[in-house]
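Q: I would like to learn to read pockets, ring pairs and strands in a model. Please take me through the features one by one.

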Amino acid sequence: MPTVETVRGPVPITELGPTLVHEHLISISTEFAKFYPELSWAGPREDVVDRVTAQVQAVRDRGITTILDCTAFFHGRDMDFVREVNDRVDINIIVSTGIYTFDFLPYHVAHRPSSPVADDMLTRMFLRDITVGIGDSGIKAQSIKVATDVEGITANNERILRAAAFASAETGVPITAHTHPADGIGTRIQEIFRDGGVDLRTVVMGHSGDKTDLDYLRTLMDNGSVIGSDRFGLYLPGTATLEERVDVIATLCDEGYADRIALSHDSVMFSDWGPPGRAAQYFPTWVPTHISDVVLPALRERGVTDKNIESMLVTVPASLFAGLMA
Ligand SMILES: [Zn+2]
């Protein structure tokens, strides 16, 4: 039986159950946390563990049994923190390697040659997290997170995409690509992945749900990838509203695309990127229970069947891990 590594160890893919494919338990600046904890943790670390635990428990209480945490390098991954939360909540948490940057590269990487891709520092970082584990935690990453935004596919960004592609092709570990769908750049990212030997069925084109251009979304799916309608609750100006996102999904499900769509919030359950409470003030719906409480009822109201919902929440997320090599 194929399994996927989680924080608590291997879990059969068939037992993952309802899964949110793109969330973050924490996103912190590591150097702030180390040297200025009073400026980072907004109170004792134990309190932050409590706050995040409450949110993960609320998700679990609604029947979600797996979270794919897309927190990568530069997001301040903290496996001790994640494990502490997971010790208190009976849920599967899958963690990520990758790097959250659009163009800037750490100097350790920038000053070392990038060719051949097998020897690239980035490739070695990603493969190390997948095969050995993240740091000394023993927790293996089972997802690679990359990010392309308004800057487009710069030379540095392409280097990251190619390293991710190599690591994915070597291990079968899926990729989640943060995209800026307004620029319609997803197909070019897919080309780079395909060129690197990636099975596009294991690629989530993240944040595609921000966009309502059905032709663009169909093209990404026809090329093989899963589209992430993965920012439910974060209705940024200029991106699709809740109603528009629900409408798009209902239309695409009618057309038979439920096997190519995954759902999530891209929630950040604790972040030191802004003052405490600021995100909640601006985006009160951006909580990891929004899909369970609001989106699923809205989808059903709009005629999306339970079978389609099961596909988007269970079958599609599980399929991302189908190519994992032991
Ligand atoms: Zn994210």
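A: Start with accessibility: buried means under 20% relative accessible area, exposed over 50%, and partly exposed in between, with a 1.4 Å probe and protein chains only. Phe74, at 36% relative accessibility, therefore counts as partly exposed. The model is predicted, so local features need pLDDT of at least 70 and side-chain atom pairs pLDDT 80 or more, while totals for chains, interfaces and linings use all residues. Residues are numbered from 1 along each chain as its sequence is written, and side-chain values use heavy atoms, with hydrogens and water left out.

Q: How many aromatic pairs does the structure hold?
A: A pair of aromatic rings is described by the distance of the centres and the angle of the planes. Rings of Phe, Tyr and Trp (its six-membered ring) pair if their centres lie within 6.5 Å; planes under 30 degrees apart are stacked, over 60 edge-to-face, and the rest tilted. The structure holds nine such pairs. In one of them, the centres of Phe74 and Phe104 are 6.2 Å apart and the planes are at 40 degrees, so this pair is tilted.

Q: Which parts does the pair of Phe74 and Phe104 tie together?
A: Elements first: helices (H or I, at least four residues) and strands (E, at least two) are DSSP runs, numbered from the N terminus. Phe74 lies in the loop between strand 4 (66-69) and helix 4, and Phe104 in the loop between strand 6 (97-98) and helix 5 (107-110), so the pair ties together parts that are 30 residues apart in sequence. At 42% relative accessibility, Phe104 counts as partly exposed.

Q: What kind of aromatic pair do Phe104 and Tyr107 form?
A: Phe104 and Tyr107 are edge-to-face, with 5.5 Å centre to centre and 85 degrees between the planes. Tyr107 is exposed, with a relative accessible area of 53%. Ring pairs link Phe73, Phe74, Phe104 and Tyr107 into a cluster.

Q: Which residue lies over the face of Tyr216?
A: A charge sits over a ring if NZ of Lys or CZ of Arg is within 6 Å of the ring centre and within 35 degrees of the ring normal. Over Tyr216 it is Lys211, at 4.9 Å from the ring centre.

Q: How much space lies in the largest pocket?
A: Rolling a probe the size of a water molecule over the atoms shows where empty space is left. On a 1 Å grid over the protein atoms alone, a cavity is a set of points where a 1.4 Å probe fits but cannot get out; a pocket is an open set with protein on both sides within 12 Å along at least five of seven lines; lining residues have an atom within 4 Å of a point. Grid points are joined across faces, edges and corners, and a volume is the space filled by probe spheres set on the points. The largest pocket holds about 800 Å³. It has 32 lining residues, and Val268, Ser271, Trp273, Ala279 and Trp286 are the closest to its centre. Helix 3 (45-61) and helix 11 (278-282) are the elements that give two or more residues to this lining. Helix 11 supplies the largest share, four residues.

Q: How do the residues of that lining of the largest pocket divide?
A: Ala, Val, Leu, Ile, Met, Phe, Trp, Tyr, Cys and Pro count as nonpolar, Asp, Glu, Lys and Arg as charged, and the others, Gly among them, as polar. The largest pocket's lining has 17 nonpolar, 10 polar and five charged residues.

Q: Which residues are the closest to the centre of the second largest pocket?
A: This pocket has about 470 Å³ of space. Of its 16 lining residues, Thr30, Phe73, Phe74, Gly76 and Arg77 are the closest to the centre. Phe73 and Phe74 also belong to the ring cluster.

Q: How many cavities of 30 Å³ or more does a search find?
A: Two, over the whole structure. The largest cavity has about 50 Å³ of space. Helix 10 (242-254) gives the largest share of its lining, four residues. Lys211 is among the lining residues. The second largest cavity has a volume of about 40 Å³, and Arg77 is among its lining residues.

Q: What order do the strands of the open sheet have?
A: Strands of a sheet pair through backbone hydrogen bonds, either parallel or antiparallel. Two strands pair if DSSP finds at least two bridges between them. The open sheet has six strands in the order 6-7-8-9-10-11, with parallel pairing. Strand 6 and strand 11 (261-263) stand at the edges with a single partner strand each, so one side of each is left without a neighbour in the sheet. Strand 6 pairs with strand 7 (residues 144-147) over two bridges.
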